[in-house]
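Please look at the sequence and the structure before reading on.

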Amino acid sequence: MSRLALGGMGLLVLTQARAQPSYKVSAEQLEQAIAKRFPRRYPVAGLLNLDAQAPRLRFMTEQNRLGAEMAMQAAGQALRRSYAGTFDVDFALRYEASDLTIRASQLRVNALRFDGLPPGPSQLLSAYGPALAEQTLQDAVLHTLKPQDLALPDGMGLQPDKITVTAQGLVIGFVTKQQP
């Protein structure tokens, strides 16, 4: 197997048997990219604010998804004090050819928990959870490929296709470009 590192951001691997390249994105690269979007503040119905910290990522290899757990803080007029909590989601990945990015898609909210939060605000936050997930992570850019990362596959008539979640990060496979 021969290997060619491109642009320092990924690793392009060519197998001699098939000569099909793949591009790898490390777990560290993903965590750094998503951490740039945090901390974030989300107002909820003018009554309280939710502050989200950078998530810890989980590599869900069997489901081919990423999970994200964020520390949260709820505070504001509707609450007499601040409440700490967690927000847990998972999502699939997709390649966006228009800007060469790997993005979050197909979000699922697993849990939004705040210890000791009164029932009224708790119900409001439970209802707001899916919208918060949409604002926070739907279509979030997790990695941007550079044109030089795709130069060799492009020259071979290939384009990015399937994204596979591994314990070490992501592997992006390539397929033959479709002719218009």
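M72 stands opposite G85 in β8. The model is predicted, and the points below start from the strand that holds M72, β7, then turn to the helix residue A35.

**Pairing of β7 with β8**
- Strand β7 is antiparallel to strand β8, which spans residues 83-96.
- Nine bridges join β7 and β8, and the M72 position in β7 faces G85 on the β8 side.

**Pairing of β7 with β5**
- Strand β5 covers residues 48-52 and strand β7 covers residues 65-75; the two are joined by four bridges and run antiparallel.

**Pairing of β7 with β6**
- Five bridges connect β7 to strand β6 (residues 56-60), again in an antiparallel arrangement.
- R58 has G67 in β7 as its bridge partner.
- A hairpin is formed by β6 and β7, with four residues between the two strands.
- Within that turn, N64 has a positive phi of about 55°.

**Helix residue A35**
- A35 belongs to helix α1, which runs over residues 27-35.
- The relative accessibility of A35 is 31%, so this residue counts as partly exposed, a class lying between the limits of 20% and 50%.
- A35 and L142 are 107 residues apart along the chain, and their C-alpha atoms are separated by 9.6 Å.

Conventions. Residues are numbered from 1 along each chain as its sequence is written. This is a predicted model: local features need pLDDT of at least 70, side-chain atom pairs count only at pLDDT 80 or more; totals for chains, interfaces and linings use all residues. Side-chain values use heavy atoms; hydrogens and water are left out. Buried means under 20% relative accessible area, exposed over 50%, partly exposed in between (1.4 Å probe, protein chains only). Two strands pair if DSSP finds at least two bridges between them.
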